[in-house]
Amino acid sequence: MKQRSFVMLKPDAVKRRLAGEVLGRFENRGLKILAAKLLVITPELAKEHYGEHSERPFFKDLVEYITSGPVLATVIEGEECISLIRKMVGATNPQEADLGTIRGDYAIDTGRNIIHASDSETSAAREIALFFEDSEIYDYSMPD
Ligand code: CMP
């Protein structure tokens, strides 16, 4: 089944000039970029996006970090792509992420772990709606 995921390259990825390389992995895999936007997240949007973590001890640091510079927010589409992208991203703690995954190859710190990707269809729908208007998401045909 075709799915859409919300994938965000975090400020460390943008500052380290890894955005193209990481997005390229998804393109090379055959996934489709439907939307992409560079923006600095407001604290309000950060708190809403990460609402489920609001009681966690790292919440304040997480909000500070994610608002510390531009992120590249994207919508990516493909067959069963939510779990596929999570697999390509690797474990939240980069120390535990397998080599060959994005976090396993580019990060060493849980608090600076390069990328966010939706963990379910419900979160994907919620996160996409938080960051994008429908008119900013483009559907187009790709060669087989
Ligand atoms: P992400 O996949 O964006 O979703 C929640 C984020 O919280 C996670 O990536 C990490 O960046 C962050 N996070 C999770 N656990 C910790 C932790 N123990 N310390 C700091 N940040 C964390």
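Which residues of helix α5 (residues 81-89) are buried?

Mentor: First, the ground rules. This is a predicted model, in which local features need pLDDT of at least 70 and side-chain atom pairs count only at pLDDT 80 or more, while totals for chains, interfaces and linings use all residues. Residues are numbered from 1 along each chain as its sequence is written.

The buried residues of α5 are Cys81, Ile82, Ile85, Met88 and Val89. Helices (H or I, at least four residues) and strands (E, at least two) are DSSP runs, numbered from the N terminus. A residue is buried if 20 or more other C-beta atoms lie within 10 Å of its own, exposed if 12 or fewer, and partly exposed in between, with C-beta atoms placed from the backbone. The five cover an arc of only 130° around the axis, so they lie on the same side of α5; the arc is that of the directions from the helix axis to the C-beta atoms. An α-helix has 3.6 residues a turn, so residues three or four places apart point the same way.

The buried residues of α5 pack against β1 (2-9), α2 (19-29), β3 (71-79), α6 (102-106), β4 and α7 (121-131). Contact here means that two C-beta atoms, placed from the backbone, lie within 7 Å. Just after α5, Gly90 takes a positive phi of about 90°.

Arg86 is also in helix α5, but it counts as partly exposed because 17 other C-beta atoms lie within 10 Å. Leaving out residues up to four places away in sequence, Arg86 touches Ala117 and Asp119. An unreviewed UniProt entry lists Arg86 under "binding site", together with Lys10, Phe58, Thr92, Arg103 and Asn113. UniProt positions are in the numbering used here, feature names are shortened, and annotations may be inferred rather than shown by experiment.

Strand β4 (residues 115-117), one of the elements that α5 packs against, holds His116. His116 is buried because it has 20 C-beta neighbours inside 10 Å. Its contacts, again without residues up to four places away, are Met8 and Lys10. The unreviewed entry gives His116 as "active site".

His116 is also one of the residues around the ligand, along with His53, Phe58, Leu62, Thr92, Thr110, Gly111 and Asn113; a residue is near a molecule if its C-beta atom, placed from the backbone, lies within 6 Å of it. This shell has two nonpolar residues, six polar and no charged. Ala, Val, Leu, Ile, Met, Phe, Trp, Tyr, Cys and Pro count as nonpolar, Asp, Glu, Lys and Arg as charged, and the others, Gly among them, as polar.
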